[in-house]
Amino acid sequence: MATSESFKDFVLEALDSALQGEPYRFSAKKMFGEYCIYVLNSSSPAPTPKPIFSLCDEVLYVKQHKILNPILESAPKGFPYSGAKESYILDVDSPQILRDVVLALAPTLPTPKPKKPKGKGKHKGEES
């Protein structure tokens with residue numbers, strides 16, 4: 001069952017509410033019928049959205065980063081999709097957990113590498 005747009009909106013509102021007063025903003029991008037949730041630190045000198053959560057089958061997941069172990073040691077775990085590594089399942093109705101996770105994790109996330117532009121280069125097997 002794919003995640004509904006209304007649940008995605010509910011999760012974004014819950015994140016915004018839990019992080020009220022902090023410089024973090026959230027957005028979502030649809031991917032394969034599910035969503036990737038991005039965080040942006042608006043006080044950063046070069047704000048760049050960073051992937052922080054997966055939203056799959058109406059469940060909010062976060063990767064098992066070591067920095068989150070003390071916060072989420074008793075949280076349930078699951079697999080967001082077939083072939084994925086096991087992740088923590090977050091309680092969307094717990095503003096304190098959402099806040100603690102974002103405040104611990106967001107500053108440590110690496111900036112995504114820029115995508116290479118799709119150019120009109122040579123195709124595989126072409127001669128010069």
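Student: Which strand gives the largest share of the lining of the largest pocket?

Tutor: That is β3, with five residues. Strands here are DSSP runs of E with at least two residues, and helices are runs of H or I with at least four, numbered from the N terminus. This is a predicted model, in which local features need pLDDT of at least 70 and side-chain atom pairs 80 or more, while totals for chains, interfaces and linings use all residues. Residues are numbered from 1 along each chain as its sequence is written, and side-chain values use heavy atoms, without hydrogens and water.

Student: What makes a space a pocket, and how much space lies in the largest pocket?

Tutor: On a 1 Å grid over the protein atoms alone, a pocket is an open set of points with protein on both sides within 12 Å along at least five of seven lines, where a cavity would be a set that a 1.4 Å probe fits but cannot leave; lining residues have an atom within 4 Å of a point. The largest pocket holds about 650 Å³. Its lining has 23 residues, and Cys-36, Phe-53, Ser-54, Lys-63 and Tyr-81 are the closest to its centre. Two or more lining residues come from each of β2 (34-41), β3 and β4.

Student: How does the lining of the largest pocket divide into nonpolar, polar and charged residues?

Tutor: There are 17 nonpolar, three polar and three charged residues. In the second largest pocket, with about 170 Å³, the division is seven nonpolar, four polar and one charged. There β2 gives the largest share, three residues. Among the residues lining the second largest pocket are Tyr-24, Val-39, Lys-50 and Thr-111.

Student: Why is Cys-36 called buried?

Tutor: Buried means under 20% relative accessible area (exposed is over 50%, partly exposed in between, with a 1.4 Å probe and protein chains only). Cys-36 has 10% relative accessibility, so Cys-36 counts as buried. Cys-56 has 5%, so Cys-56 is buried too.

Student: Which residues of helix α3 are buried, and what do they pack against?

Tutor: In α3 (residues 95-105), Leu-98, Val-101, Val-102, Ala-104 and Leu-105 are buried. Contact means heavy atoms within 4.5 Å, and the buried residues of α3 pack against α1 (5-18), β1 (24-31), β3 (50-56), β4 (59-63), α2 (69-72) and β6 (87-90).

Terms used. Grid points are joined across faces, edges and corners, and a volume is the space filled by probe spheres set on the points. Ala, Val, Leu, Ile, Met, Phe, Trp, Tyr, Cys and Pro count as nonpolar, Asp, Glu, Lys and Arg as charged, and the others, Gly among them, as polar.
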